[in-house]
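Student: I am new to this structure and would like to learn how to read it with care. Could we go through it together, feature by feature?

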Amino acid sequence: MLNCHKTGLFAAAFLAAAALSPASPAGERKGRPWTFEDILLVPEVNELALSADGRFAIYTVEAADAETKRTRAQLRIVNIGARTQRSIASAAIARSFRNIPGTEDWSALIDIGEGLQLYRVSIDGKISTVVSNLKLVSVGKADHSVPMGGGTPPHEIGILAYDWSPDGQWLWYSQLRAKPDQPLVRFDEAVTGLRSRRRSTIEAEVDFFLRAPDGSIDRVITRPTSDRMAMHAGGKVIWRDDEILFRTEAPDGSPGSVFETRAWNRRQKSIRIVSNERDARTLTMLRGPRGGSLSTSGIGAALELIESGPGEEPHRYGHFPFTISDSNYAASRDGRKTIVGTRNLGTSRYGLALVEKTGVREITGTGSLTKCSFDNWLRLAICVQEGISTPPRLVRVDLARGAIEPIVTVSPRHEEIMPLQVRAETWTNRNGYKATGYILYPRNIRPDTRYPAIVITHGFDADDRFAKAENQWNYPAQLFAERGYIVLLINDPLPYQSADLRAAYSAWSRGSGPPDPETVRQLIWIEGVNSLVDAVNDLATEGLIDPARVGIAGYSRGAQMVNVAVTRTEIFSAASSGDGGFLEPSGYAGWPASYDPVYGGSPMSEHWEQYRRFAPSLNATKVCTPVLQQVAAASPSQAELFDALRAAKVPTQLTYYLGASPASDETHIFHIPSNRMLAMRENMAWFDYWLQGKRDADAPFPERLAMWDRMAENGKPRCDATKSAP
């Protein structure tokens, strides 16, 4: 039983959560609870574009398709005034929707059966070809493909990226070109670059072209696929008089890279280098109303917004509680206004900032504003508005007044769900570092009950968006809450709050210190674990959670935190680590530049002692927590941790989810619906078993329950789960 003091603390916290919840609607809402299928079918709007007159919009929504065993994109056209929408096509993938200047039509990269090509889409839904390249190149984690990021599903590319000149007469575009002759013999760095290879990749290059109004085409430049700017930001250019400015990446032999801004003169047909910088913060150039580039700098709860121009003193707009990005960037046709996407430092909620010479005005709404498209004069925007408990909807934003009006819903299915209670929270750990996040509450929560809890973490993705896979991956956060768990979605401590913390992240990104490796480990991983543990302790003190029944889950960056946490604290009674493995000694071969600032160098050197003290597999004997690893790669480092835990008699399981065929792998964020469903159900069964002693009747691999029984009986004795709790 709780004493009166703790009951009062919890009751006050719960009432505050109900009052302050960003998802709490006015009045009582009825609806149904979440299901696994709801999480699987959560839609993601990945493209949105206005027509020139602002009367129509086109967007694409991606969702799982069980029949095709992958996600598919549905193209929809919206009549903004009538607040109606209709579907016009289904595609394997759709990207880069833009209004074609001088017309009412849009252009887009769409795969409707002939690979990713550039099409024109009219308001009446007609689709026609703009430019195509029938020499397709396969990308993704599949044999005979070009690697293109761990989260990219296998597909075929004809046109890679594009942009229109402001008058719509010139077309900039890029395409992949497979190298015709693969080397039969390789040497030196060409060999070491294959050390982490799982599939037989092919080599390709990126060709950039400019098509003139008369239809003539110039090849501008050819870049290797190792150039991340060419591969991922080839369509992000600035048209300035006769020049087109674009960025390239040029490794200079050091662990970091130099990012060059180049200019192609379309009249003289020549290139010049405009500038270069190390560790570019954005993939595009955020141009301000004074003709310079926008950036934020500083430390603390508010950052300074600065516009820097060549040969001039930077203009300082003031301090604001947000970071900026190229996510929702646009400049007005007359150049007097710029709008940038913002992310609030306190709530991790996305919004907009309208920047003019006279000042800055922030535009926010209920939940986050994402995927915005703007008219040419930055008077009107169409955005996706969403929150943790609010499904995505399209809204009209009056940028002059900041007024937001709903237009259409994206997913009627998810509008049927009764919203869960959610509370934005900031936790301060024992050393003063702050971590932001959200708490999801069970339905019909009672103030006299301690609940089991699940901590879900993935870097900085715990923000005000709807069931995002980038945050919760295959951890069914909403279903955990429906089943009576308190769910804590927690970010790492933001680097902006401390010069020391920012320096540690810069060293990790740069590939070298200062600071020294021990300080990097302390500030990035140990302080991150401290934040997770202290957040759990805070909620235990409130009387909200049972400290003996707390689990932790995280994939990728979150898997690093999970693996370190279980070696350094006994507070977690179950863990799920998703597709991670970074920090293990065997991972050095594939990522030396990322390992050097963490450990000082190779494990096969004088730096071995640093690995021995910190690498999770080398500290497996300290682990008191049953650990599930779900992976899409089955890498040596994942097997290394599994073997070490088994040798230490820690209950553990390693589950490998295969790709769509023997010639392909599952992606880092699972794209195969059946794999996502199995992984979510496996996580639910795992935590129910170890935290609540329940045998889930819906467990996806029922024969494994007997194995878990044997692990529970024959494994090392469970450590004291309350040792780290108050």
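Tutor: What follows is a walk through a predicted model, from the chain as a whole to its bridges and cavities.

Student: Where the overall build is concerned, how many helices and strands does the chain have?

Tutor: The chain has 15 helices and 37 strands. The radius of gyration is 26 Å, close to the 27 Å that the globule rule gives for 726 residues, and therefore the chain is as compact as a globular protein of that length. Along its principal axes the C-alpha trace spans about 75 × 70 × 55 Å, and buried residues make up 56% of the 726 residues.

Student: Which cysteines does a disulfide join?

Tutor: A pair of cysteine sulfur atoms is taken as a disulfide when they lie within 2.5 Å. By that rule the count comes to 1 disulfide, and it joins Cys372 to Cys383, with 2.1 Å from S to S. Cys372 belongs to strand 26 (residues 368-374) and Cys383 to strand 27 (residues 380-387), 11 residues apart. Because the torsion about the S-S bond of Cys372 and Cys383 is about 115°, this disulfide is right-handed.

Student: Are Cys372 and Cys383 buried or exposed?

Tutor: Both Cys372 and Cys383 are buried.

Student: How many salt bridges does the structure hold, and how should I read one of them?

Tutor: The structure holds 39 salt bridges, and a careful reading of one takes in the distance, the place of each partner in the chain and the exposure of each. In one of them the side chains of Glu62 and Arg95 meet at 3.0 Å, N to O. This pair links distant parts of the chain, with Glu62 in strand 2 (residues 56-65) and Arg95 in strand 5 (residues 93-99), 33 residues apart. Buried means under 20% relative accessible area, so Glu62, at 16%, is buried, whereas Arg95, at 28%, counts as partly exposed.

Student: What parts of the chain does the pair of Glu205 and Arg177 tie together?

Tutor: The side chains of Glu205 and Arg177 meet in a salt bridge of 2.8 Å, N to O. Because Glu205 lies in strand 13 (residues 204-211) and Arg177 in strand 12 (residues 171-178), the pair ties together parts that are 28 residues apart in sequence. Glu205 counts as partly exposed, at 21% relative accessibility, and Arg177 is partly exposed as well, with a relative accessible area of 27%.

Student: Are Arg557 and Asp492 buried or exposed?

Tutor: Arg557 counts as buried at 11% relative accessibility, and Asp492 counts as buried at 3%. Their side chains meet in a salt bridge of 3.0 Å, N to O. Arg557 is in helix 10 (residues 557-568), while Asp492 is in the loop between strand 33 (486-490) and helix 8 (499-510), and the two are 65 residues apart. Elsewhere, salt bridges that share partners join Arg32, Asp38, Arg413 and Glu416 into one network.

Student: How many cavities of 30 Å³ or more does the structure hold, and which residues line the largest cavity?

Tutor: Rolling a probe the size of a water molecule over the atoms shows where empty space is left. The structure holds 4 cavities of 30 Å³ or more, and about 70 Å³ of space lies in the largest cavity. Its lining is formed by Ile388, Asp461, Asp463, Arg465, Ala467, Lys468, Asn471, Gln472, Gln478 and Leu489, which divide into 3 nonpolar, 3 polar and 4 charged residues.

Conventions: Residues numbered from 1 in each chain as written. Predicted model: local features only at pLDDT ≥ 70, side-chain atom pairs only at ≥ 80, totals over all residues. Heavy atoms only, no water. 1 Å grid on protein atoms, 1.4 Å probe; cavity = no way out; pocket = protein on both sides within 12 Å on 5 of 7 lines; lining within 4 Å. Points joined across faces, edges and corners; volume = space filled by probe spheres on them. Nonpolar A, V, L, I, M, F, W, Y, C, P; charged D, E, K, R; others polar. Helix = DSSP H or I, 4+ residues; strand = E, 2+ residues; numbered from the N terminus. Buried < 20%, exposed > 50% of the residue type's maximum accessible area, 1.4 Å probe, protein only. Salt bridge = Lys/Arg side-chain N within 4 Å of Asp/Glu carboxyl O. Rg over C-alpha atoms; globule rule 2.2 N^0.38 Å.
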